[in-house]
Amino acid sequence: MARLTRAARTVRAAWAVRTARVSRLIRCAVALGVLLAVGACGGGSGGHDEVTVMVPWSGDEFQAFYAAVKRFEGDTGITVDVEITRAQTQQLDAAVAAGAPPDLAMLPSVGAIDRYANTGSPETRLRPLDPAMTKDYAQPFRGLGTVGGKVYAVPVKADVKSLLWYDPAVTTSRPRDTLTDLAALSGPSSRTWCLGLASGPTSGWPGADWIADILLEQDSTDYTNWVAGALPGGWQSPRIRKAWTTWQSLMAGSLRSAAEQDFTGAAAGMFTSPATCSLAHGALGAIGFPPTADPKKPYDFVAPDRGRPLEVSADFVGRFTDNPAATKLIAWLSSADGQRAWVGAARSFAISADSRVSAADYRTPAQSQIAAMLRPHSGRTLCFSAADAMQPDVSAAFYRAVLDYATGAQVGALLKGLDAVQHAQRQGPPVPPGNLCASPG
């Protein structure tokens, strides 16, 4: 993980750590069992003119966020230290356990919101937020940051995962996003799907999204019961097994190589000459379009018909300290101005669930078209991402099982193991079935 300080604002490759916080970093390093070189763990800044925020992003996704942060710094004079890590769960857990959490953190799942709001010492738990911060956000996003009737996190960046991407110059006939149509497009060749499953400690999540999306098309009631741990048969039910085997059949020759392919570079195969793949599945921000891909022209997407629920997700930000600067930053990130700055930043692929952000605020047509699906009267039903709505241990096991499946493991044994992980949880699911899917409004 790296901390972006003032030096890094001048020279992007230069990373520095403030010496006054060395002791916090050492405590976190001990908790991790290894001394990490730069910005290893968080720690509330304690000052009123400085705030720390932990994020999991890199590349364009990070640059767009940081452009919004720079706007906040210029308006307030507050210094924002950004801690960057792909091992978000592990780093945040270690920082909280060491008593040195960051002021703010992007939380990796709804399950994480529930856990950080309820466990640990009072000094390291999430702090309740002003409910007004979320009142203009669409459902189901708005309600998912609430625990025990209090708001603990704001969905500052949203995504729609049920999207099928293609290059019109290569795929000249606009595809349809149904299992029957996708099966006709797929085959034994590894040149159909741009699929990457590698993502550090969370490797496997793109496949988990695929499996969840397939189940949504089959039966949305089974989907909500599965996530809530209330589906008869659990992970070993025929519906869940069918979703896994359907995904394997669709991916065909693309699957085995995907375990070592980084998810951020998978879609680049659409734009090589000759193209090495032609279709990709997932959210705009996660597809990883290369810089050579003009965001206004060469790629397009199709979404499911309005009668089929969309799988959606969000990055939530929560506050771990009482630092007034942190309160100001989280209020700004959740405000209409903060959201507009983020979605309109150069190289941004962000989508906002805030109803005050209009189509004209987005950088690209693709962003505004996707955002329209999250608006009231869109006619859509939005179902939150399954893995992101499970307890963190279950999500991690789901991702691991996807990787094992991609490399040849038998689905029956994997699903049996996932049932065992589910049954070992001391807490119930963090999202009641009735809160998982909603019409935006």
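Tutor: Strands themselves are DSSP runs of E with at least two residues, while helices are runs of H or I with at least four, and both are numbered from the N terminus. Keep in mind that this is a predicted model, where local features need pLDDT of at least 70, side-chain atom pairs count only at pLDDT 80 or more, and totals for chains, interfaces and linings use all residues. Residues are numbered from 1 along each chain as its sequence is written, and side-chain values use heavy atoms, with hydrogens and water left out.

Let's zoom in on strand 11, which covers residues 310-319. It is mostly covered, with 10 of its 10 residues buried (under 20% relative accessible area; over 50% is exposed and in between is partly exposed, using a 1.4 Å probe and protein chains only). L310, V312, A314, F316 and G318 point one way, E311, S313, D315, V317 and R319 point the other way, and both sets are buried.

Now for the partners. Strand 4 (residues 104-107) runs antiparallel to strand 11, joined to it by 4 bridges, and there L104 sits opposite R319. Strand 7 (residues 153-160) also pairs with strand 11 in the antiparallel sense, over 7 bridges; here K157 has D315 as its bridge partner. Then comes strand 12 (residues 382-384), which pairs with strand 11 in the parallel sense over 3 bridges. In that pairing, look for V312 opposite F384.

Definitions and conventions: Pairing = 2+ DSSP bridges.
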